[in-house]
Amino acid sequence: MSPAQHTLLAAGEASEHRTLIIILFSVFVAATLVITVWAGRQTKDAADFYAGGRQFTGFQNGLAVSGDYMSAASFLGIAGAIALFGYDGFLYSIGFLVAWLVALLLVAEPLRNSGRYTMGDVLAYRMRQRPVRTAAGTSTIVVSIFYLLAQMAGAGVLVSLLLGITSDSGKIGIVALVGVLMIVYVTIGGMKGTTWVQMVKAVLLIAGALLLTFLVLLKFDFNVSDLLGSAADNSGKGAAFLEPGLKYGATGTTKLDFISLGIALVLGTAGLPHILIRFYTVPTAKAARKSVLWAIGLIGAFYLMTLALGFGAAALIKPDEITASNKAGNTAAPLLALHLGGVDSNWGAILLATISAVAFATILAVVAGLTLASSSSFAHDIYANVIKRGTATEKQEMSAARYATVGIGAVSILLGALARDLNVAGLVALAFAVAASANLPTILYSLFWKRFTTSGALWSIYGGLVTAVGLVLFSPVVSGKPTSMFPDVDFHWFPLENPGIISIPVGFLLGVVGTLLSKEEPDKGKYAELEVRSLTGTGAH
Amino acid sequence: MATETPPPSKSPTRLPSTEEFVAVQESAEFGELRSSYRNFAFPLTLAFIVWYLLYVLLSNYAGDFMGTKLFGNFNVAMTLGLAQFLTTFLIAWWYARTAAARFDPKAEAIKSRMEDGA
């Protein structure tokens, strides 16, 4: 049988069994809606809405953090990249994991001790409130929207492949459905509901990955070396499949792009607003530390499993079949499920349906977390502290957050429909680059540098943001290549796809320059408060 | 409730004044906590970032070395990649242990004294 026939068969199986996929997915949606309504009844004040009442345990939040972090890009994107590029795909997951150490050692506990609801709480703590909160709100929303786009685009790709919906209106319909569901989760359930949805999703995703990993290893008698060997043979690339270079080694520029990506991944995590606000859901900094430790364990184990999934797919499925289904390899994991169960058997169909439903659940949960982060920041940083100058009541603030959720949901449905054909993993990497350039420098300077001032914060946030987004705009991601957003025009002059190697140092540098150039004296009393509070938890809520 | 910053504490514990915070910040006890935390966390952060970048650079520019077979089908590249996982787990564990043994007792002593207003 030719690979092309194989693919057709797979597609046929997929559409024949799409009822099963839809049933499983509906069960997940129904269950999460029940959780959301239940959580909504318990959401009374702003601390419930923004921070889930701060009553989650370190383990629960660790699970939820993992749920928020393991997006469709990690599950489908990394497994696919490994299946197609072998070792070079593996490099992605390492950056995503090592990044957690920055969060653990430098950010999670001080943030929990000194902030309340948003990333802006910490950025603006010792600064003039209105300008810094405006900046923090802006960068929170920009980063979250980049990330949301990636998830929305992922939903479109997945659905068209797994449910056999190929029409544009069908894909847009799915994007709209995801958007409406996330609005419901966030407006009704707030942080409490969203946290439970993340936990359920994390358990499902880890269970799904465990099952596939077990089945892959079973095929190779638990001999990982054999698995690697078969993957290398079947890929048609031989030993090169297990060595660096297949994806990033082509030219000097792609190598530089890879360094840029690596820096963005390792420094981005600790600046992602939707991850940072998770640390407010636990009662103490110690519990925040425990959350990160669980997250590192769970996420690390998960990425080790994606290794088995990716190499398993490479070993068991012909490469043409993977690329015929999706050029970027995004469907390698679901295809692997089909092959493991048996292409012509019911087991294959059931496994495929299960893994597909898990992937949907993943997307849905991550978009809910992102929407919550951006609407919280809008309501708490921009509405309550900038527009209302701190006079808004808790009720007003919460309803502002709910309106913002609907607004952000609508915007992301619109943008998601436009971005439905973009590369999922690439978009996520951009969100990481923007977070590392605009957010991380100010977080670190605020916490650890006595002299840092309001101007420094503004220079760093806006400078990092504009540099990162600007470079993307003039990169091959947007124009000039067949894979670009606008392939027919060419206004790119920046050669790299990821801006991190330039924009992250710029963000850090501008924080120093802005501080040194301003005549403003840092507020010593406020820094004393922030420093003592962040290290000891004195006065933390 | 208004949302002025710094946010007022909702807990029954007392929020110390700015003067108290400044006094504590300048105290020897807090200085010790700060330097033991910074002396541990900062060099370690630098170290794991350098180790990660070294690995990225090796992958980019030392292809032959990375392709050397070590055992079975495991080459240097795969082994170093898995070593990144291992060191991440170890550093996390080491930090948690150090924080619990060395930072937490000091931090808690300062916190409870400040919140009790003694």
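Good morning. Twelve of the 17 residues of α11(A) are buried, so this helix is largely enclosed by the rest of the structure. What we have before us is a predicted model.

Which residues of α11(A) are buried? They run from A:Asp257, A:Phe258, A:Ile259 and A:Ser260, through A:Leu261, A:Gly262, A:Ile263 and A:Ala264, to A:Leu265, A:Val266, A:Leu267 and A:Gly268. The length of the helix can also be checked. Residues 252-268 of chain A should span 24 Å at 1.5 Å a residue, and the end C-alpha atoms are 24 Å apart, which agrees.

I turn now to the contact between the chains. Chain A contributes 54 residues and chain B contributes 55 residues. On the side of chain A that touches chain B, the elements giving two or more residues include α11, together with α6 (87-114), α13 (285-316) and α16 (346-387). The most comes from α6(A), with eleven residues.

Finally, confidence. For the complex, the predictor gives an ipTM of 0.92 and a pTM of 0.92. Chain B averages a pLDDT of 88, and 87% of its residues score at least 70. Among the elements of chain B, the highest mean pLDDT, 96, belongs to helix α2 (residues 28-61), and the lowest, 89, to helix α3 (residues 63-66). Over residues 1-11 of chain B, however, pLDDT stays under 50, and the model has 22 contacts beyond four places in sequence for that stretch. Where pLDDT is low, the predicted coordinates should not be read in detail.

Methods
Residues numbered from 1 in each chain as written. Chains lettered and ligands numbered in written order. Predicted model: local features only at pLDDT ≥ 70, side-chain atom pairs only at ≥ 80, totals over all residues. pLDDT = per-residue confidence, 0-100. Helix = DSSP H or I, 4+ residues; strand = E, 2+ residues; numbered from the N terminus. Contact = placed C-beta atoms within 7 Å. Expected span 1.5 Å × (residues − 1). Buried ≥ 20, exposed ≤ 12 C-beta atoms within 10 Å, placed from the backbone.
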